[in-house]
Amino acid sequence: MGRARKKKRRNSLFKLLLLVAAIMIVSAVLFYYCPALLFNSPSDLFSSFSAVKDSDDADSLMDQICGETVNLVLLGFDRTEARDQHYILYRPDTIMIASINLRTARVSMVSIPRDSYVRVHGTDIYDKINHSYMYGYYRTAEGEDQHSGGIKTTLLTIQDFLGEVPIHGYVKIDMDGAAEVVDAVGGVYVDVQEEIGYGSGSVQIEKGYQLLDGSKSLDFVRNRSDYLGGERGRTVRQQQFMVALFEQMTSLKGFYKIPRLFLAVKANMETDLNIFQLTALGLFGLRADSTEITSHVFSGEGRLSYRDGRNIYYLVINEDERVSIIEKVFGVSVGKRSMPILPGPAAPEPEPAAEPEPEPEPLPEPEPLPEPEPEPKPESEPEPEPEPEPGKTEVDPGG
């Protein structure tokens, strides 16, 4: 018993030494290349995206923000290799803002549902917030990268929605890439509250605490069946999954998988953050406590509106709740937006009245069956002739 306890203590000490050594190596590299990261506020490494909102001046890109908070947008696009055979343009299915306080090591996650009814930045068009990528993509000036234009319009539309809250960067990943990242860390343990399946009746994920690989993780975060809470239920599960992934990666067990994770992320993730900013966030992750992560979802009223020849579903955000969440999470006071009235749905065209079915013809009365003929009476058998008397013949011999 005592020997096992000593062995366990040695293993714990070894893990601790490994962790300290890794931090010292990373810190030494940072001190050499970027001493400001260790001696100044880490937030000095992040410039506000709002600096490029109305200006392309290179100096404005280096404008520093006040305070210790960094706001990053996480975009999950609905692209897969299989879908590339049919589509050329995709939209962000997941829109999440991670507000990171680098001083207190606290994180707040705020999700904007993809169907939220907003004004697309740079236009007078009101549409779903995830359609903003499409407008930016097609409105890009000739010679400029359309994808970059789509990302920029998306980020600025998000920033408009949040009011005066600055956005400091973004991380974008596709569905295939997300699955590969999960597999790179050996899967993620998640407490599944309800079994997850589809209309066919098949069950993809059973209820209960379990390890989800990349494929099952996508089933967990993408299903929006009504019995699972629809779009809001899916958004809540996405936040739950992000917290579980963060817990796993900041554990000692996850720390050993960082090299493999780095390769998977590098191959599948797109970001405007540089190596120093990513490293600062990595060091922050070692101090953060997953139990201190708070989650919020903007909610509203779902409505149908007639557009482009069909009724389309939109989520009209509750403005009182929007103002409250922004102030609580970001510490910024914003006013309510004056939103145009969303046109209602088109009434379904009445179906033509069906012609009355003809009365069924009465069945003909059955003909009476002929009466059976009486059976003939059997004829009586003739009486037998009497036997001739002896000595007499029937024929006269003289005749």
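Which residues does Thr235 touch, not counting residues up to four places away in sequence? Before I answer, a word on the model: it is predicted, so local features need pLDDT of at least 70 and side-chain atom pairs count only at pLDDT 80 or more, while totals for chains, interfaces and linings use all residues. Residues are numbered from 1 along each chain as its sequence is written, and side-chain values use heavy atoms, with hydrogens and water left out.

Thr235, then, touches Ser111 and Val297, where contact means heavy atoms within 4.5 Å. Thr235 sits in helix 7, residues 230–249; helices here are DSSP runs of H or I with at least four residues, strands are E runs of at least two, and both are numbered from the N terminus. With a relative accessibility of 4%, Thr235 counts as buried (buried is under 20% relative accessible area, exposed is over 50%, and partly exposed is in between, using a 1.4 Å probe and protein chains only).

Let me turn to a helix pair. Helix 5, residues 175–184, packs against helix 6, residues 214–222, at an angle of about 125 degrees, and their axes are 8 Å apart; the axes are lines fitted to C-alpha atoms over the stretch in contact, and angles run from 0 to 180 degrees between N-to-C directions. The two helices are therefore oblique to each other, given that under 35 degrees counts as roughly parallel, over 145 as roughly antiparallel, 65 to 115 as roughly perpendicular, and the rest as oblique. On the helix 5 side the contact is made by Met175, Ala178, Ala179, Val182 and Asp183, and on the helix 6 side by Gly214, Ser215, Ser217, Leu218 and Arg222.

Finally, the aromatic rings. The whole structure holds eight aromatic pairs, a pair being rings of Phe, Tyr or Trp (its six-membered ring) with centres within 6.5 Å, called stacked when the planes are under 30 degrees apart, edge-to-face when over 60, and tilted otherwise. Tyr117 and Tyr126 make a tilted pair, 5.8 Å centre to centre with 35 degrees between the planes; Tyr117 is buried at 6% relative accessibility, whereas Tyr126 is partly exposed at 22%. Tyr189 and Tyr209, by contrast, are stacked, at 5.7 Å centre to centre and 15 degrees between the planes. Because Tyr189 lies in strand 7 (residues 188–192) and Tyr209 in strand 10 (residues 208–212), this pair ties together parts that are 20 residues apart in sequence. Tyr189 is partly exposed at 38%, and Tyr209 is exposed at 59%.
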